[in-house]
Amino acid sequence: MRRTLLAPCLAGLSLAVAVRVASSAVAVPSPQEVKPGSVVRWPGEGISRCAMASKSWAPLAGACYFAVDLLAEGTFTVERTQAGKTERRTLRVAAYPYPEQHIEIQDQSKVDLSPADLKRTEREEREVGKLFASSGSRRFTLPLGRPLTELPPGGRFGSRRWFNGQPRNPHTGADFAATEGTPVFASAEGKVVLAKDLFFSGNSVFVDHGDGLITMYFHFSKILVKVGQEVKRGSEVGLVGATGRASGPHLHMGVRWHGARVDPEPLLAAPGTIPALN
């Protein structure tokens with residue numbers, strides 16, 4: 001008799017456990033798809049810490065911001081901490097969504113590099129690469145300031161580029177059409193960490209704004225700042241030109257945030273327009 005009563009009890013207990021497990025499984029958020037080269041935000045009350053890929057930082061205006069590298073693939077985990085409790089989300093990088101861009105330039109030597117130019121570009125790549133590991137105190141807010149007084153539609157971020165019919169690396173910045181000599185402004189307070197002529201980007205300026213954010217301005221006809229100089233948001237840093245590998249005068253603006261290559265344009269718009277995590 002006891003055995004007869006025990007079986008239904010065990011069956012009920014198993015069912016209850018199964019229901020709890022099922023409920024727990026349903027509560028776990030599924031991976032959220034994000035665009036390569038984008039920035040996503042995770043807002044919340046009382047956030048004290050944001051983290052991704054072994055790096056952590058303070059929230060910005062009540063939200064964690066996560067930069068997704070242009071060439072990122074697969075899935076990764078992000079975190080936010082509120083009142084001592086850490087939450088996690090899994091993000092899945094979407095398929096590469098950007099088109100091809102075919103460019104014709106007159107100087108073929110900028111496409112078929114000589115041994116000397118190849119060594120130069122490798123040296124410059126190492127020099128620039130060291131800049132992206134910095135992480136000082138944050139000196140900026142969002143949105144970032146516009147680099148041009150009249151900011152035309154940008155574009156071509158992420159485009160897989162072909163120069164004179166030859167495939168090259170994807171475009172890691174936004175191009176803004178402007179006449180030669182147009183003043184270009186720093187998008188936030190910061191320190192100039194590089195200001196020189198580079199093979200591909202021509203006369204270039206890199207500004208470190210803290211919190212791993214570096215803005216870059218390329219193809220200047222003239223550089224107006226020096227390495228080590230402190231600039232304010234809106235300070236003139238150079239004049240639009242067509243130096244380096246460029247088909248005509250324009251401003252190329254690039255952004256690295258926590259080492260990730262991201263599209264600058266969303267950071268120039270209202271923060272609420274940046275996609276939010278569920």
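**Figure 1. S54 in the loop between β3 and β4.** In this predicted model, S54 sits in the loop that links β3 (47–52) to β4 (55–57). Its phi is positive, about 70°, although S54 is not a glycine. S54 is exposed: its relative accessible area is 82%, and the cut-off for exposed is over 50%.

**Figure 2. A83 in the loop between β6 and β7.** The loop runs between β6 (75–82) and β7 (85–93), and A83 lies in it. A83 is not a glycine, yet its phi is positive, at about 50°. With a relative accessibility of 80%, A83 counts as exposed.

**Figure 3. The whole chain.** The protein has 2 helices and 20 strands. Of its 278 residues, 44% count as buried. Among contacts with a separation of 6 or more, 69% link residues 24 or more positions apart.

**Figure 4. The parallel pair β8 and β9.** Strand β8 covers residues 100–103, and strand β9 covers residues 160–163. The two run parallel and are joined by 4 bridges. From β8 the chain passes through helix α2 (residues 115–129) to β9, a β-α-β crossover that is right-handed. Q101 has R161 as its bridge partner in β9. E100 stands opposite R160 of β9.

Figure 5. In β9, R161 and F163 form the covered face. R160 and W162 form the uncovered face of β9.

Figure 6. The 15 residues of α2 should span 21 Å at 1.5 Å a residue, and the end C-alpha atoms are 21 Å apart, which agrees. The buried residues of α2 are T121, E124 and V128. Seen down the axis of α2, the buried residues fall within an arc of 65°, so they line one face of the helix. An α-helix has 3.6 residues a turn, so residues three or four places apart point the same way. The buried residues of α2 pack against β13 (190–198) and β14. P115, A116, K119 and R126 lie on the other side of α2 and are exposed.

Figure 7. P143 belongs to the loop between α2 and β9. The peptide bond from L142 to P143 is cis, and its omega is near 0°.

**Figure 8. The open sheet β12-β18-β16.** Three strands make up this open sheet, in the order β12-β18-β16, with antiparallel pairing. Its edge strands are β12 (183–185) and β16 (222–223), each of which pairs on one side only. Strand β18 (residues 236–239) pairs with β12 in the antiparallel sense over 3 bridges. V184 stands opposite G238 of β18.

**Figure 9. E189 in the loop between β12 and β13.** The loop between β12 and β13 holds E189. E189 counts as partly exposed, at 29% relative accessibility. Leaving aside neighbours within four places in sequence, E189 is in contact with R139, H209, V231, K232 and R233. The side chains of E189 and R139 are joined by a polar contact of 2.9 Å. S235 is 46 residues from E189 in sequence, and 8.5 Å from it in space, C-alpha to C-alpha.

Figure 10. H209 is in the loop between β14 (202–208) and β15 (213–220). H209 counts as buried, at 0% relative accessibility; the cut-off for buried is under 20%. Its side chain reaches the backbone oxygen of E189 at 2.8 Å. Residues up to four places away in sequence aside, H209 touches S137, R138, R139, F140, A188, E189, G190, I214, T215 and Y217. R139 and E189, both in that list, are also joined to each other by the 2.9 Å polar contact between their side chains.

Definitions and conventions: Residues numbered from 1 in each chain as written. Heavy atoms only, no water. Buried < 20%, exposed > 50% of the residue type's maximum accessible area, 1.4 Å probe, protein only. Pairing = 2+ DSSP bridges. Right-handed = clockwise from strand over helix to strand, strands pointing away. Polar contact = N/O pair within 3.5 Å; in protein donor to acceptor, adjacent residues only side chain to side chain. Contact = heavy atoms within 4.5 Å. Expected span 1.5 Å × (residues − 1). Arc of directions from axis to C-beta.
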